[in-house]
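I opened a new notebook page today to look around one protein model.

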Amino acid sequence: MEFSATSKPIPASGISPESPQKYVEEISQLPKEKGWRGLQGLFLYKNFWFYPAFLKGALHARDHFQAQPTDIFLCSSMKTGTAWLKALSFTIATRGHRPSDDGLPSNGGSEIPLFASHLPYTCLPKSVIDSDCKIVYIRRDPKDTFVSMWFFLRKFVAGKNSTDVESFASIDEGFELFCKGLSSHGPYWEHILGYWEASIRRPEKILFLKYEDLLEDTQLWVKKLAEFFGCPFSAGEEREGVVKECSFESLRDLEVNKSGKHEKRGRVIENSAYFRKGVVGDWRNHLSDEMGKKIDVIMEEKLMGPGFTF
Ligand code: PAP
């Protein structure tokens, strides 16, 4: 779990700095699978597969995170548009409150209770559900999600050393594992299903978004997000500015995203890795029609049964 702002936070990135031994032991008792070549093994917790570093954070949050009813959670599986949703949500929620160019708060500077998490619904800390927080969930076509994940993880494995790319799972290997549900926070379809079912039970608290819809009509969804957050745009207020500020090109071209780096689990990741193409249908450049069909059939089987439409 990552924390963007207030509440009673556990350390940034959700991973306890001391990585308590009890979590290491708890994880070591869980069913394990090999995972993608070049990466650590995956562990099965509450029917989802996790890399141990993510899981330590999840277990720590389970035991210590105290949500407040005013918190808003931005939830997603990996590579479905999280960074974009975070940027849009932050921009919507802070409009009129952000420091002006001279560095002074223009409107009091309120606290923004925004949080982001890749955790499946059933793995969220109990207090998030009990406190009836609002949740926004973003999902994306599984084929584009897989391709985005494969490129990102390949970069992650390579780190500074491009020769390490050779040791990473081929796209075919990764694809087969993804289709078996063996991916970070997978199975992807179960991730979607958990939030979708919850959104039917609690529609006023859970907003269910689609990356493709957001891309097609960002202004409309910016309006809906603002209403959902409880800070609707007034009649004369511009939404265009928010859309532009968070567009793929604007975020990609920020200096921090062009040249910035950060360290994750001992590997250096360039921030630019989070802004690859930002389009719909890139899977066609990397997967065969047959592979595309295979994922579609799996999604249909797993999701259409419960009445879900893509
Ligand atoms: P994460 O799981 O590491 O948080 P996440 O932000 O969820 O990644 O997803 C990254 C995808 O969102 C990338 O997709 P791609 O690999 O197919 O290109 C990234 O390019 C895309 N993305 C990031 N910002 C935007 C944006 N403003 N508009 C559209 N897509 C975006």
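**Ground rules.** I am working with a predicted model, where local features need pLDDT of at least 70, side-chain atom pairs count only at pLDDT 80 or more, and totals for chains, interfaces and linings use all residues. Residues are numbered from 1 along each chain as its sequence is written, and side-chain values use heavy atoms, with hydrogens and water left out.

Entry 1: Which residues come nearest to the ligand? I found 20 residues around it, and T82, S148, R276, K277 and G278 come nearest. Being near here means having a heavy atom within 4 Å of the molecule.

I sorted this shell by class and got 9 nonpolar, 7 polar and 4 charged residues. For the classes, Ala, Val, Leu, Ile, Met, Phe, Trp, Tyr, Cys and Pro count as nonpolar, Asp, Glu, Lys and Arg as charged, and the others, Gly among them, as polar.

Next I checked the helices: α3 (82-94) and α11 (248-252) each supply at least two shell residues. The largest share, 3 residues, comes from α3. Helices are DSSP runs (H or I, at least four residues), strands are too (E, at least two), and both are numbered from the N terminus.

**Entry 2: polar contacts.** I looked for pairs of N or O atoms within 3.5 Å. A polar side-chain atom of S148 sits 2.6 Å from a ligand oxygen atom. For R276 the distance to a ligand oxygen is 2.7 Å, and for H118 I read 3.1 Å. Taken alone, the ligand exposes 640 Å², and the protein buries 96% of that; these areas come from the Shrake-Rupley method with a 1.4 Å probe.

**Entry 3: helix pairs.** How do α5 and α6 lie to each other, oblique or parallel? Their axes, for residues 142-158 and 171-179, come within 11 Å and cross at roughly 130°. Axes are lines fitted to C-alpha atoms over the stretch in contact, with angles from 0 to 180 degrees between N-to-C directions. The two helices are therefore oblique; angles under 35 degrees count as roughly parallel, over 145 as roughly antiparallel, 65 to 115 as roughly perpendicular and the rest as oblique.

I then took α3 and α9 (residues 218-229), whose axes come within 10 Å and cross at roughly 60°. That makes α3 oblique to α9.

**Entry 4: two loops.** I noted a cis peptide bond from G186 to P187, with omega near 0°. P187 lies in the loop between α6 and α7 (188-201). K79, a residue other than glycine, has a positive phi, near 65°. I located K79 in the loop between β5 (72-76) and α3.

How values were computed
Polar contact = N/O pair within 3.5 Å; in protein donor to acceptor, adjacent residues only side chain to side chain.
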